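The sequence and the model are shown first.

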Amino acid sequence: MTSTASDKRSDKKQNAAGKAVDTHLIRRLYFFLAPYKWFIFLALFLTLGVAFLGPLRPYLTQIAVDDYIAEGDVVGLGKIMLLFLGILLLETVIMIVNTYLMRWIGQGALYRLREAVFTKIQSLHVQFFDKNPIGRLITRSTSDIEALSDLLSSGVVNIIGDMFRIIFIMGFMFSMSWELSLVSLSVLPVLVYATFWFKARVRVAFLNVRDQIARLHSFIQEHISGMSIVQLFGREKKEAEKFKKINEDHTNAHIKTIFYFAIFWPAVEVIASLAMALVIWYGGAQALAGQVTFGILLAFIQYVRQFFVPIRDLSEKFNTLQSALASSERIFGVLDTTDEIPVPDEPIEPAHRKGHVRFENVSFRYNAGEQEVLREATFEVKPGEIVAIVGATGAGKTTIINLLLRFYDVKSGRITIDGIDIRHMKPSTLRAYFGLVLQDNLLFAGTIMDNITLGKDEISREQVQYAAEMVQADRFIKKLPGGYMHRITERGTSLSMGQRQLICFVRALVYDPTILILDEATSNVDSETEYLVSIALDTMMMGRTSVVIAHRLSTIQHADKIIVMHKGRIREIGTHQELLTQKDGIYRRLYELQYRDQAKTAG
């Protein structure tokens, strides 16, 4: 990270630290609590009840001592003790009900928040994932949301309850003795100073903790995914050293928050003890002089103990609040991400799907300031045509597919399907045209049937079996335990690469696409399977517009049209035979090079 970026982040944290509570974030979080507002009012009412019943007990103690014990009234003392026990029992019942109610509300709000974050992540453009590590997004969707659990479950309601408890305590204290009350509260300026010192530092510390957690998750996710490469190249020691540094930063960030709490909580305890000492010293002298009763002195000792309990609770809840707000800033950062693939206000629905594709002077670069990876590309794919795209690595082949599927928007020019600019269609409508098989196949944990249908109930088992037969996948699926209901592990690692690729073929075919896109789709299957699949592909592509990206030129010789790309430009277009007649053509050189390599291999 550059020093400028570090300074900006530091400034942002300092600005955030200046705000003890960001009310804008609180209001946004309330949106997820809104369906439970009447339950929140009930929880608040119950919390205020507990806040009043607690300070009522020392008041009853004062009455018991001064009015009954001092007077020797045993009957009256018994009645006041029954009232005391009744209040204690009522307080206990209310606390049990209120705790369950608030936790239930909090889990409901977290459920809605998780759904909102995951739905947002699914809707974001591909470029967002190019710039944001997967581990960071996992952190936003899991631990950052869990950090809001206490806040949404009980945080704000309990903060209000603690504030009212303090008000009730002060009310009872001043009603008994305003002099003792002032003595008890004389330590408040010291407490206020300590609280402001604490909150100014702990907010920055919690922001840093969330940053370090995201770094840690990103590193672990990336290296678990790439563990085979780490082990193959003997990078375990080097990567362990990198992890040690990230882990150390993470630990130090937590230790910094611990340091602040290690100072603050004992400071509150010392201040509370000082207040108690002042009450005993001044109140004891007043009691001996007969200016206050012993019942009032005893009640004040209890009130001082009670007074600092909600203050300690508030400091702990402030801890929860700061952690939650630091997490919510990051969560709303995801939710506020602007989708760079906008949905048109008045989308056009194609009347008929023919699969007629046109690129008209299309240029594109992935990031501002970078070199264009596609320049003034113009070509046409007529309905039912098979068009192959070839070229060296980095020529722009996959970029054409990304733009056609509108994973990215063109910077200039336009792309039309059936005469409609794809930017005038809803992304879901556009992508319903396509069946896509990539070189890097992706399967999810679940059954083979689930991976083929992707949860679409309209696709019947018969359709799946027919599609599997067409691409020769049924031969190995039937041999698996459970057949189409065989459960596979995450990413399909329990299957061979060829088997995973065949399942992806079935998935593309079963949706009956108008346009079929194959990006090096047969590269992960063996020679025998490739021969069988090539026969199936002829059937799949019949009557469909097909776009094929291939490095092995032997697989595309029968294409209706071959587009040759070089450094982001279309250099040649023609059939296999037409392109071979160009003596200095790029396609001819590629073909001769591959033919020579194949001849050497055969020899």
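1. In the hairpin of strand 11 and strand 12, which leaves 2 residues between the strands, Lys567 adopts a positive phi near 55 degrees. Strand 11 (residues 561–566) pairs with strand 12 in the antiparallel sense over 5 bridges, and Met565 stands opposite Ile570 of strand 12. Helices (H or I, at least four residues) and strands (E, at least two) are DSSP runs, numbered from the N terminus; two strands pair if DSSP finds at least two bridges between them.

2. The model is predicted, so local features need pLDDT of at least 70 and side-chain atom pairs count only at pLDDT 80 or more, whereas totals for chains, interfaces and linings use all residues. Residues are numbered from 1 along each chain as its sequence is written, and side-chain values use heavy atoms, with hydrogens and water left out.

3. Which order do the strands of the open sheet of 6 strands follow? The order is 6-9-10-3-11-12, with mixed pairing. Strand 6 (434–437) and strand 12 (569–574) are the edge strands, each pairing on one side only. From one strand to the next the twist averages 15 degrees. Helix 19 (residues 497–510) packs on this sheet and touches strand 6 and strand 9, its direction making about 175 degrees with that of strand 6. Contact here means heavy atoms within 4.5 Å; axes are lines fitted to C-alpha atoms, for helices over the stretch in contact, and angles run from 0 to 180 degrees between N-to-C directions.

4. Leu516 has Ser546 in strand 10 as its bridge partner.

5. A further open sheet has 4 strands in the order 2-1-4-5, with antiparallel pairing. Its edge strands, each pairing on one side only, are strand 2 and strand 5 (420–421). Strand 1 and strand 4 pair in the antiparallel sense over 5 bridges, and Phe359 stands opposite Ile415 in strand 4. Helix 14 packs on the sheet, where it touches strand 1, strand 2 and strand 4; its direction makes about 115 degrees with that of strand 1.

6. How many aromatic pairs does a search of the whole structure find? The search finds 18. Rings of Phe, Tyr and Trp (its six-membered ring) pair if their centres lie within 6.5 Å; planes under 30 degrees apart count as stacked, over 60 as edge-to-face and the rest as tilted. The rings of Phe31 and Phe32 have centres 5.2 Å apart and planes at 85 degrees, so this pair is edge-to-face. Phe31 counts as exposed at 51% relative accessibility, whereas Phe32 counts as buried at 6% (buried means under 20% relative accessible area, exposed over 50%, partly exposed in between, with a 1.4 Å probe and protein chains only).

7. Tyr366 and Tyr408 also form an edge-to-face pair, because their ring centres are 5.0 Å apart and their planes are at 85 degrees. The pair links distant parts of the chain, 42 residues apart: Tyr366 is in the loop between strand 1 (357–364) and strand 2 (374–381), and Tyr408 in the loop between helix 14 (397–404) and strand 4 (412–417). Tyr366 is partly exposed, with a relative accessible area of 21%, while Tyr408 is buried at 5%.

8. The charged end of Arg112 sits over the ring of Phe31, 5.2 Å from its centre; that of Arg353 sits over the ring of Tyr433, 5.1 Å from its centre. The criterion is NZ of Lys or CZ of Arg within 6 Å of the ring centre and within 35 degrees of the ring normal.

9. The largest nonpolar core has 75 residues, of which Leu113, Leu148 and Phe308 touch the most other members. A nonpolar core is a set of buried Ala, Val, Leu, Ile, Met, Phe, Trp, Tyr and Cys residues joined through side-chain atoms within 4.5 Å. Helix 13 gives the most to this core, with 19 residues. A second, separate core of 44 residues includes Val390, Val437, Ile452 and Ala473. Leu113 touches Phe32, Ile145, Leu148, Ile331 and Leu335, not counting residues up to four places away in sequence.
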